[in-house]
Amino acid sequence: MDIPPLAGKIAALSLGALPLSYALNHVSALSHPLGLALMSTLILGLLFVAIYSLSPGEIYYDPLYAVFAVFAFTSVVDLFIALQEDGYAVGFMEFFTKEGEPYLRTAHGVFICYWDGTVHYVLYLAMAGAIHRRKRYRNLGLYWLGSFIMSILVFLPGNLLGKYSSEIRPAFFLAIPYVLVPCWAGMRVFNQSRAPTCCTPNVVQEEQRKGILRRPVDLALVIYLTLAGFFTLFRGLVVLDCPTDACFVYIYQYEPYLQDPVAYPKVQMLVYMFYVLPFFGLAAYALIFPGCSWLPDWALVFAGAVGQAQFSHMGASMHVRTPFTYRVPDDAWACFFGFNLLYALGPHLLAFRCLWQPAFFLRPPPGPLDHHKKNH
């Protein structure tokens with residue numbers, strides 16, 4: 001996969017979040033939740049105007065350039081929120097976590113901020129750089145789309161359903177664009193043309209003749225998807241209070257974080273069960289039967305989704321902001337970490353396999369093979 005160079009102009013603009021957040025932290029008007037929401041809206045509006053003034057050509061070429069630039073700015077803010085809450089930075093974002101979004105002070109909130117401030121930030125710079133140089137960024141966009149949507153699917157319902165539901169402030173409604181923009185961005189990313197492949201019709205047909213037993217990598221992935229599917233279903237039943245002994249032992253001895261009243265882990269497991277579990281089944285089908293051209297794209301989407309989710313879930317399970325009774329027990333740490341790390345790596349290996357050798361997933365070319373014809 002061709003990784004474009006990063007956008008230096010957007011990086012420089014996003015770093016302006018540091019002095020701005022430090023200055024705003026000392027403005028007394030921001031001690032009121034409504035004032036904070038209005039100020040945040042004004043800042044985002046001025047930021048968009050600045051981006052449009054600096055790069056009108058890029059925005060006309062691809063409007064997502066402005067989206068990535070704005071989100072890069074907010075990623076820097078999120079990174080310093082996480083650093084602030086973990087004690088690595090002082091004087092930047094206390095006003096926002098206190099009066100704007102107090103649920104960002106939870107362990108889950110801290111880790112989604114870390115992910116947004118690192119992984120998403122690099123993706124924004126790379127995709128903006130690709131637009132500036134008129135290059136493709138479809139694969140990066142699909143990975144970002146899955147990661148971003150997963151964070152929204154868990155974070156927003158968790159805020160409304162968990163113990164912080166009474167702490168909803170006006171700034172919460174700034175999340176509305178964060179719900180609508182990915183829908184629009186996802187349609188634009190999916191509508192972009194795919195990178196051309198070097199697979200000839202003969203190679204495609206030859207690869208698609210091979211059964212699953214002749215493709216050991218695909219066989220291993222099918223086995224992984226099957227086991228991961230059972231694990232997904234099991235954890236979904238655990239958070240639904242399944243009364244079996246296995247569920248009882250698991251939630252108390254291995255992942256007590258699943259019963260944390262913040263509700264994020266419960267929502268996460270339900271999202272896994274209702275969205276990721278069906279994908280595992282469909283992906284196993286696509287690895288057995290050839291011509292499922294949808295798998296490479298959706299493998300990237302779900303790799304981003306599971307990567308973000310597992311990073312936040314694993315980190316929050318062990319973070320000091322999680323009450324001690326809900327953290328992973330010391331004697332179960334290795335088991336918990338191993339299973340959850342494998343759960344995160346599997347979709348990435350599947351996406352890499354689809355990009356590495358896509359011939360099995362391409363639509364079979366019409367007509368007989370050329371080498372089956374007689375050469376006259």
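Phe 155 and Tyr 264 are both buried, where buried stands for under 20% relative accessible area, exposed for over 50% and partly exposed for values in between (1.4 Å probe, protein chains only). The model is predicted, with local features needing pLDDT of at least 70 and side-chain atom pairs counting only at pLDDT 80 or more, while totals for chains, interfaces and linings use all residues. Residues are numbered from 1 along each chain as its sequence is written, and side-chain values use heavy atoms, with hydrogens and water left out.

**Aromatic pairs**

- The structure holds 30 aromatic pairs, a pair being two rings of Phe, Tyr or Trp (its six-membered ring) with centres within 6.5 Å, called stacked if the planes are under 30 degrees apart, edge-to-face if over 60 and tilted for the rest.
- Phe 155 and Tyr 264 form a stacked pair, at 5.8 Å centre to centre and with 15 degrees between the planes.
- Phe 280 and Tyr 343 pair edge-to-face, at 5.9 Å and 75 degrees, and both residues are buried.

**Charges over rings**

- The charged end of Arg 215 sits over the ring of Phe 360, 3.9 Å from its centre, the criterion being NZ of Lys or CZ of Arg within 6 Å of the ring centre and within 35 degrees of the ring normal.
- Tyr 343 has the charged end of Arg 235 over its ring, 5.3 Å from the centre.

**Exposed tyrosine**

- Tyr 60 is exposed, with a relative accessible area of 63%.
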